[in-house]
Structures are given as C-alpha cells and as structure tokens.
Amino acid sequence: MARCGVSQGSTPALLQCPAVAGGRLVLAPTGPLTAYDDVRSVYEAARGGVRRAAAAGARRPALALAPHPRWPRAPLVALLGALEALYVPLQIRESFPERAVKLKRFGVYGEDKRVPLRPLVAEAVALEVARGVARDVGGADPERMTPAAAARLLRERLAGGAVRLRVLDDTAALRRDYPLFAAVSRAADSVERHRGCIIFLEYEPKNYENTVMLVGKGVTYDTGGADIKTGGAMAGMSGDKGGAAAVAGFLKACDLLRPPIKVVAALAMVRNSVGEEAYVADELLRSRSGLAVRVGNTDAEGRLAMADLLAEMRERAAAERAPHVYTVATLTGHAHRAYGDGYTAALDNHAAAARQHAARLRAAAESLGDAVEVSTLRREDLAAHRGRAAGDQLHQADNRPSVATPRGHQAPAAFLLLAAGLDGGDVPYTHLDVAASAGMLPAPPTAAPLLALAALYGLVRSC
C-alpha cells in the first residue's frame with residue numbers, strides 16, 4: 001500500500017495484520033512531502049513497498065492505490081513504480097531461468113472510484129512492457145547486445161504489431177549515406193559480430209495530425225576509441241545505448257497503446273572500438289549534408305553516429321505532417337554534472353523554442369515522474385563548433401571531457417543542430433541528453449525519457 005505521511009519516515013514497514021489476506025501488510029510511506037517534492041515520491045514508495053513484500057517472501061501481493069490531491073496521475077505512477085520492482089534483467093532471465101520471475105501473481109486495488117481500474121492497469125502494463133524492451137536493450141552487456149543482436153531482439157519484440165522495422169547493415173551503403181556513422185563504426189567493422197547497423201522503425205496509424213521523428217544513440221560499448229577512456233572510466237559504457245533503447249521502447253508503447261501520432265525512428269547502433277582501423281582526431285570527414293567535419297575527439301562519437309541520421313530526418317520532415325525532430329542520447333557527463341541523477345536535459349532549437357516545446361515536455365514528464373530540466377542553446381554553443389582550420393566547416397569536439405568544458409552539454413547539441421542544418425528553417429528540433437537519467441551500471445536502466453514522451457503525445461489516457 002502506497003500511503004503518504006506515515007510516521008515511520010520513508011522506510012517500508014512490514015506489519016502483522018490479521019484483517020488482510022495473508023495476515024501481513026506493508027506500509028510504504030512517502031515520508032513528509034514539501035512544496036518541492038513531486039510525484040516521484042509516490043513512485044519510490046510503491047517500488048519500495050513491493051520490494052519489501054517480495055523480500056518478506058510474498059508471492060501474491062496486492063497493491064492498494066490511493067488518489068493524491070496534488071498529483072492526478074499518482075495511482076498510475078504508483079503502479080509503474082511497483083511494476084519496476086518486478087523487472088528482472090534480460091541476461092539474468094536467460095542464464096538463470098529459476099530467477100526469471102519474482103512473483104506468481106500481483107493484485108491491484110483502486111480506492112478512487114472515479115478512475116476505472118481496468119484501463120489504468122492495462123495502460124500501466126503496456127508502459128511497463130515497453131520499458132522492459134528499453135531496459136533489455138539498454139542494460140544488456142556489450143556481447144549480448146551487439147548492434148546485430150539489438151536488431152534481432154527488436155524484430156522479435158515488435159513482430160506481428162503495428163511497427164515496421166528495417167535494418168541497414170551493408171557497409172558500403174552505410175559509408176555512402178551515413179559517412180559520419182561509418183567512421184565511428186570503422187574499427188568495430190573488422191570484427192563481424194561488432195559491426196554497426198542502423199535500425200529504422202515506423203509507426204503510422206490511419207488517422208494522425210503530428211509526426212514524431214526520433215534519432216537514438218545506440219553505442220553498444222564505448223572504449224573512447226583512439227582517445228581511449230583511462231583510469232577505469234570505461235566501466236559502465238555498455239549503457240551508452242540508453243537513448244536508442246528508450247526510443248525502441250517508445251515505439252513498443254505506441255504498438256501497444258496505438259496513439260493517433262506517426263512515429264519515425266532511427267537507431268544508430270554502433271560500437272566505438274579501438275584498433276588499427278579506428279578513426280582518429282584530425283581526420284576530416286564529409287557529412288551526409290556535404291559539410292567538412294574535423295574530428296577533435298574520438299570519445300565524442302555519439303554526435304557523429306547520430307548527425308547524418310538527424311540530417312536525413314530534416315530532409316524527410318518537409319513531407320511529414322507537423323513534424324518534430326528529436327535526438328535522444330546518453331551524450332555528456334556534463335548533463336549529469338549540471339542536473340544530477342535522474343534528470344533529462346532538454347534543449348530546443350529556435351523553431352521548437354518559439355513553441356516552448358521543452359517546457360511543455362517538462363510539464364508532461366512531471367505528471368509521470370520522468371524528470372526533465374530545460375537548457376538553452378546560445379550563440380556560444382554554436383560558435384564552439386564552427387570550423388577552425390582552413391576549409392573546415394564544423395569542429396566535432398574539443399579533446400577534453402565535457403565536464404571540463406564550459407557549457408559542456410549545450411554545445412554538443414549545437415553540433416548536432418549545425419551538422420543537420422537545423423539552425424535555420426522552420427523544422428522544430430529538441431535534443432534530449434539522458435546521460436543522467438538513463439541509468440548506467442551498476443545502476444539499472446530506467447528507459448527515460450519514454451514516460452515523458454508517452455505523457456506528451458497522448459499515450460496516457462486513463463487518468
């Protein structure tokens with residue numbers, strides 16, 4: 001039971017209670033709530049309560065959902081928190097099948113009769129299934145979730161549904177049409193199982209008014225490349241595919257909940273390996289859009305992997321209905337330094353900012369506890385990525401970590417903006433840096449910003 005303001009702080013308590021089935025009751029309080037708390041307190045209480053019940057040996061617990069005067073979606077959020085507690089990582093399920101399921105049954109009781117329980121539960125289950133897809137892709141290790149393995153898993157999980165899937169893995173075609181992506185993949189291409197690919201996904205209902213266009217960073221492992229990560233900084237880099245994982249999960253949510261929007265996505269699945277074929281600093285690359293791009297740091301591979309796909313989305317946007325383009329990426333440590341654990345940084349280009357899009361995304365995300373902070377692109381960010389050597393048009397990155405660079409998460413978004421030609425025209429574009437919110441080992445993957453997008457685009461309708 002997720003309850004608020006109970007005296008034992010925020011620690012779930014197991015009580016003997018003959019009045020309830022099974023004779024045991026878990027009280028999962030939020031602790032004191034201030035004006036600065038948000039609905040995440042409800043999420044965390046429900047998640048903690050289910051974990052406490054499971055730890056006590058319960059195999060058929062029931063969750064009691066209570067309304068909250070501040071947060072209309074508190075029952076759905078509590079249920080999502082509870083369901084997260086039941087997730088078992090993909091490789092644990094595969095290698096230790098006896099640990100694949102935590103509970104035999106899970107019951108739900110709703111106290112708010114104004115909110116029909118069945119649609120609420122169905123919606124929560126659909127969102128959790130979608131988050132499960134994202135967690136499976138984002139949390140698996142670099143050998144289990146190679147680019148090709150990610151394509152196979154998504155083909156299985158999306159089979160028979162409303163999402164079309166296409167995989168491009170032909171090296172010649174990738175080098176021709178997505179040369180910046182191909183440069184990142186060059187070292188990995190020498191090992192067949194590590195070869196990069198692009199996964200295209202599309203969901204198109206019969207009737208829709210808006211088109212969501214998403215590019216996800218899917219770096220299955222980031223060694224840093226020739227600018228290799230040292231001092232233990234490589235650990236956890238199997239989580240560098242969290243952006244692509246969340247995008248894939250969002251498409252699964254669309255498949256299950258069938259919102260009246262069109263969604264087009266491209267997942268840049270690539271391994272940033274080091275070796276004799278690795279791309280290096282000082283290389284001059286020609287982008288899909290014909291720009292001369294000077295490499296400054298091979299550990300800033302994510303922006304290169306996505307830039308050509310983003311340019312293609314801009315090209316396609318002219319033929320789409322009310323398009324909005326996104327990049328979703330675990331792009332910079334600076335986003336974590338700026339906002340801390342659990343926060344996605346959202347940055348609009350001029351066209352999106354005119355509509356206050358990032359602010360609307362933040363408000364929608366807040367309703368489901370998927371925290372978003374709004375950052376602003378400034379002239380200094382674009383200036384940081386203008387070409388410096390004679391003939392250069394774009395400077396990919398400085399050769400130092402983002403956390404040691406002024407405006408270290410804003411400027412990389414400006415590179416993407418410039419590389420795709422989204423610094424002019426009327427195509428709205430928002431960059432979502434999920435480095436602080438996606439979760440990296442040993443922390444579990446979160447699927448952020450899947451819930452934020454679901455709230456913004458009408459996938460949540462039960463409350």
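Predicted model: local features only at pLDDT ≥ 70, side-chain atom pairs only at ≥ 80, totals over all residues.

User: At what angle do H4 and H5 pack?

Analyst: Helices (H or I, at least four residues) and strands (E, at least two) are DSSP runs, numbered from the N terminus. Axes are lines fitted to C-alpha atoms, for helices over the stretch in contact; angles run from 0 to 180 degrees between N-to-C directions.
Here, H4 (residues 117-139) packs on H5 (residues 147-158) at about 170°, with the axes 11 Å apart.

User: Which word describes the orientation of H4 and H5 to each other?

Analyst: Under 35 degrees counts as roughly parallel, over 145 as roughly antiparallel, 65 to 115 as roughly perpendicular, and the rest as oblique. H4 and H5 are therefore roughly antiparallel.

User: Is the crossing of H4 and H5 left-handed or right-handed?

Analyst: A crossing is left-handed if the near helix is turned anticlockwise from the far one by less than a right angle, and right-handed if clockwise. H4 passes H5 in a right-handed crossing.

User: Which residues of H4 and H5 meet?

Analyst: Contact means heavy atoms within 4.5 Å. Val133, Asp136 and Val137 of H4 meet Leu153, Leu154 and Arg157 of H5. By class, that contact has four nonpolar, no polar and two charged residues. Ala, Val, Leu, Ile, Met, Phe, Trp, Tyr, Cys and Pro count as nonpolar; Asp, Glu, Lys and Arg as charged; the others, Gly among them, as polar.

User: How far apart are the axes of H1 and H2?

Analyst: The axes of H1 and H2 (residues 74-84) lie 7 Å apart, at an angle of about 40°. H1 and H2 are therefore oblique to each other. H1 passes H2 in a right-handed crossing. The H1 side of the contact includes Val42, Tyr43 and Ala46, and the H2 side includes Ala74, Val77 and Ala78. This contact of H1 with H2 has nine nonpolar, one polar and three charged residues.

User: How many cavities of 30 Å³ or more does the structure hold?

Analyst: On a 1 Å grid over the protein atoms alone, a cavity is a set of points where a 1.4 Å probe fits but cannot get out; a pocket is an open set with protein on both sides within 12 Å along at least five of seven lines; lining residues have an atom within 4 Å of a point. Grid points are joined across faces, edges and corners, and a volume is the space filled by probe spheres set on the points.
The structure holds one such cavity. The largest cavity has about 60 Å³ of space. Its lining includes Ala134, Gly138, Gly242 and Ala448. H8 supplies the largest share, three residues. The lining has seven nonpolar, four polar and no charged residues.

User: How much space lies in the second largest pocket?

Analyst: About 500 Å³. Of its 21 lining residues, Ala21, Arg24, Leu25, Pro61 and Ala62 are the closest to the centre. S3 (24-29), H1 (40-55) and S4 (62-65) each supply at least two lining residues.

Technical notes:
Residues numbered from 1 in each chain as written. Heavy atoms only, no water.
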